[in-house]
Every structure is written in C-alpha cells, then in structure tokens.
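Please examine the sequence and the model shown below.

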Amino acid sequence: ADRAAREAPGSGADAVVWDEIAAKTGEQTELSGTYLVLIIVATMIAGIGVLLDQPILIVGAMVVGPEFGPLAAICVGLLRRRFDTVWRSLLAIVVGFLAAMVATVLSTWALTAMGLVNRGMLLADRPLTDFIWRPDALSWVVGLLAGVAGMLSLTSKKSGSLVGVLISVTTVPAAANVAVAGAYGVWDEAGGSAVQLIINVCAIVLAGLLTLAVQQLGWWNLARRSRRRPAA
C-alpha cells in the first residue's frame, strides 16, 4: 500500500475520486423536504435582511441555503454525461427557488399586515445590501471565482473553504429580493435581483464545470506520464 501510494502520480491531497464525487453530488439532487425547508428558511431570512439592510442576516441566509449542492451536481452530471442527474438537479434548483420566493412573498405580506415591515423600508436607501439588485461585471467575476473555489473545496474535501464560497455568492439573497420587491410591486428592483440570481447560477455552473474538466485533464496527463516512466 505504501509503495502504491508513492508510485501514484501527483499529490494525494489533490486526488479526485470521480465515483465518490458523483455519489456525493448525486445525493444533493433529491428534492427532499429538508432541502425545501432549508432554502425557504434561508430566503425568508434574506428577505428580512434586505428590508432591514442588515448584512449579517444576508450572510446567515447564504450559509443556510443548500443550493450549491444541486449546482455542483449539474457540473458533475454534465462532465460525466449523466443527464438524469442534471435534470434532477435543475428540478431541485427551480422548484426550490420558486417555493422559497412564494413563501417569502407570503411572509412579507404577513409581516406587513402585523406592522413589522413596510414598503418604505424597501424604497429607502440601503447602501449595505443594494448590490443584491444591481448586478454588474463584478457579479460575473465573483460568481466564477466562487464556482472554482466551491468545486475545489468539494473535490478536495475541504469543507471549510465551501463555507466561504457560500458566503460569497448572492443566489439566495437575490431570490429573496425578487420576492420582497415583487410583494411590494417594485418591479425594477425585482428584475435586477432576478438578473443577479441568473448571473450567479450560470457563473457558478460554468466555473465549476471548467474546474472539473481541468482537473480531469490534468490527472489524465499525470497518469499517462506515470505509465511511460521506466520502472526503477
């Protein structure tokens, strides 16, 4: 076993066990009750954070949100040509976000009826969280970097890095802002948030897929050079 480990190409810390990654991400494609509850709760928390202009609530919602699992599964499914996995992951993403936004609209109306929040809070200056509905070129950059870091943390089993990735993307907060703005009929802000959500999702999937492809190509090259190396 020691000899095999020494003769294996590359660093063991960088090794990617594809069957293990496929199994791990495949578990994230199930549209379960727990997944729905987590994404709904995360989006409702982010909705309150948007109205209060509180970044700490936005960060908390990002960590609670479970959407990175299905996004990673889409990347693995596309690379491995497992289109059933891609379909289940897309279903989990779409249904999850739709359910979360509907629940956030209802909760916003309920909180408004109780006098806890109001439309003026959304229309007021919110310098700490207005980036959520104002996408720009940096939204793509952040999404791409988050996709790379997230996929590397997943394949290298460094879960601590994954937490940082979740905090860096605005998928759940953007969905929350769509819901809150829609609840109050502020459609320009809802549209900007929807664009932000689409940008982040697409950038994460694109970067994750490219990261996996580069890793796979790199290990193929290492293995080929190792086979050509003469035995000592």
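Arg134 and Asp130 are joined through their side chains by a salt bridge, with an N to O distance of 3.1 Å; the term denotes a side-chain nitrogen of Lys or Arg within 4 Å of a carboxyl oxygen of Asp or Glu. Asp130 is buried at 19% relative accessibility, where buried means under 20% relative accessible area, exposed over 50%, and partly exposed in between, with a 1.4 Å probe and protein chains only. This is a predicted model, in which local features need pLDDT of at least 70 and side-chain atom pairs count only at pLDDT 80 or more, whereas totals for chains, interfaces and linings use all residues. Residues are numbered from 1 along each chain as its sequence is written, and side-chain values use heavy atoms, with hydrogens and water left out.

The structure contains three salt bridges. Another of them pairs Glu189 with Arg126, whose closest N and O atoms are 2.2 Å apart. Glu189 belongs to helix H11 (residues 187–228) and Arg126 to the loop between helix H7 (119–123) and helix H8 (137–155), so this pair ties together parts that are 63 residues apart in sequence. Helices here are DSSP runs of H or I with at least four residues, numbered from the N terminus. Glu189 is buried, with a relative accessible area of 4%, and Arg126 is buried as well, at 5%.

Asp84 forms a salt bridge with Arg88, with 3.5 Å between the closest N and O atoms. Both residues lie in helix H6 (residues 83–113), and because they are four residues apart, about one helical turn separates them. An α-helix has 3.6 residues a turn, so residues three or four places apart point the same way. Asp84 is partly exposed at 45% relative accessibility, and Arg88 is partly exposed at 36%.

Which residues of helix H4 (residues 55–64) are buried? They are Ile58, Ala61 and Met62. Viewed down the axis of H4, the buried residues fall within an arc of 100°, so they line one face of the helix; the arc is that of the directions from the helix axis to the C-beta atoms.

At the surface, Val37, Leu38, Val41 and Val64 form a nonpolar patch with about 270 Å² of accessible area together. Such patches comprise residues with over 30% relative accessible area and no salt bridge, nonpolar side chains (Val, Leu, Ile, Met, Phe, Trp, Tyr) being joined within 5 Å and like charges within 9 Å; accessible areas come from the Shrake-Rupley method with a 1.4 Å probe, and for residues only the protein chains shown count as cover. Helix H3 (residues 33–52) gives the most to this patch, with three residues. Leu38 is located in helix H3 and is partly exposed at 34% relative accessibility.

Methods
Helices (H or I, at least four residues) and strands (E, at least two) are DSSP runs, numbered from the N terminus.
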